[in-house]
Amino acid sequence: MIIVDRVTKTYRRGTVEIPVLRGLSCTIEKGTFTIIVGPSGSGKSTLLYLLGMLDEPSSGEISIGGRKLSTLDDRTRNHMRRDEIGFVFQSFNLLGNLSAVDNVLAPFLTNPRDVAEKRPAAMSLLKDVGLGDRLDHRPAELSGGEQQRVAIARALLKRPSLILADEPTGELDSENGADIFRLLRTLHTELATTVVIVTHDDRFLQADDPVLEIRDGMIANPAAAEL
Ligand code: ADP
Ligand code: MG
C-alpha cells in the first residue's frame, strides 16, 4: 500500500515559488489499477515523480509498503527506484542509439553481469509484448506504439511491485493507444502489480478502478483522500 500524507511540492525558479501540491493526501491500495486525473498543470506528473522517487516532496511523507521514503538511505532509495518501480513515460524515453533489447536492459547497463544474466528475459519480454521480430530495431525504426511496448518491457524486466505510467497513450494514435491500453490492463491482471496511471484517456475510465482527481494541489474527490 502507498500512503501519501499531506505532501506539498513547491518548485522554485529563481525567486519565484510555484506551489503545485498543497498538502495532498491519498492512499493507493496494493494491487489496484489506480487512475490519476486532473487538469493540465495540476501536478499529476509531479505526484507520479514523487511516487517513483525521481523527486522529493517539499514537506509531508510518502510511504510505500510500510517504508517512509524520507527515512531511506541513498542505497535503499536507489535500489527501490531501480529494481522495484517501473516507470512508463508519455514520450517513451528510449535511448535512440540502442536496440530494443538494449533499451529494455538500459536500467542495468552499468552492470555487465546483470546485463548478461537478464538478456534472455529481456528478449522474452519483447516477445510477450509482440516485438519478437523487432529485437534489434532502434527506436527510430519503430512506430510510437512499438516504442511504448519497448518502454513497458523495460519497466517489466525489473519485475516491479509498482508500475507508474504518465499518460502512456498520450502521444499515440487511437489504434496504438488501444493496444497499449489492453497491454497495461492485461499486465495488471496477470502480474497483480500495483499500477498508477495518469491519463485523460476515456478507455481507462470505464472500469471500476479507483480514481484520484487532483485539483488545486489536493485530491478533489474526498473519499479517495481518506487516510
Ligand atoms: P500535470 O502533469 O498535471 O500537467 P505537472 O506536475 O507536470 O502537471 O506540473 C504542475 C505545475 O508545476 C505546472 O505549472 C508546471 O509548470 C510546474 N512545474 C513542473 N515541473 C517543474 C519544474 N521542474 N520547475 C518549475 N516548475 C515546474
Ligand atoms: Mg503531466
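Predicted model: local features only at pLDDT ≥ 70, side-chain atom pairs only at ≥ 80, totals over all residues.
Helix H1 gives the most to the shell around ligand 1, contributing three residues. The residues around ligand 1 are Tyr11, Arg13, Ile18, Val20, Pro39, Ser40, Gly41, Ser42, Gly43, Lys44, Ser45 and Thr46.

A polar backbone atom of Gly41 is 2.7 Å from an oxygen atom of ligand 1. Gly43 also takes part through its backbone, with an N or O atom 3.0 Å from an oxygen atom of the ligand. For Thr46 the side chain is involved: one of its N or O atoms is 2.6 Å from an oxygen atom of ligand 1. Taken alone, ligand 1 exposes 570 Å², and the protein buries 62% of that. Strand S1 (2-13), strand S2 (16-28) and H1 are the elements that give two or more residues to the shell.

The structure holds three aromatic pairs. In one of them, the ring centres of Tyr49 and Phe89 are 6.4 Å apart and the planes stand at 75°, so the pair is edge-to-face. This pair links distant parts of the chain, 40 residues apart: Tyr49 belongs to helix H1 (residues 44-51), whereas Phe89 sits in the loop between strand S6 (85-88) and helix H3 (100-105). The two partners can also be described by their accessibility. Tyr49 is partly exposed, because its relative accessible area of 32% falls between the 20% and 50% cut-offs. Phe89, at 15% relative accessibility, counts as buried, because buried means under 20%.

Phe89 has a further ring partner. Phe87 and Phe89 form a stacked aromatic pair, with 4.6 Å from centre to centre and 15° between the planes. The arrangement counts as stacked because the planes are under 30 degrees apart. Both Phe87 and Phe89 are buried. Through these ring pairs, Tyr49, Phe87 and Phe89 are linked into a cluster.

Aromatic rings also meet charged side chains elsewhere in the model. Lys118 lies over the face of Phe108, at 4.6 Å from the ring centre. A second example involves Arg185, which lies over the face of Phe33 at 4.0 Å from the ring centre.

Terms used: Residues numbered from 1 in each chain as written. Chains lettered and ligands numbered in written order. Heavy atoms only, no water. Phe/Tyr/Trp six-rings, centres within 6.5 Å; stacked < 30°, edge-to-face > 60°. Helix = DSSP H or I, 4+ residues; strand = E, 2+ residues; numbered from the N terminus. Buried < 20%, exposed > 50% of the residue type's maximum accessible area, 1.4 Å probe, protein only. Lys NZ or Arg CZ within 6 Å of the ring centre and 35° of its normal. Near = heavy atom within 4 Å. Polar contact = N/O pair within 3.5 Å; in protein donor to acceptor, adjacent residues only side chain to side chain. Areas by Shrake-Rupley, 256 points an atom, 1.4 Å probe, with all protein chains shown as cover.
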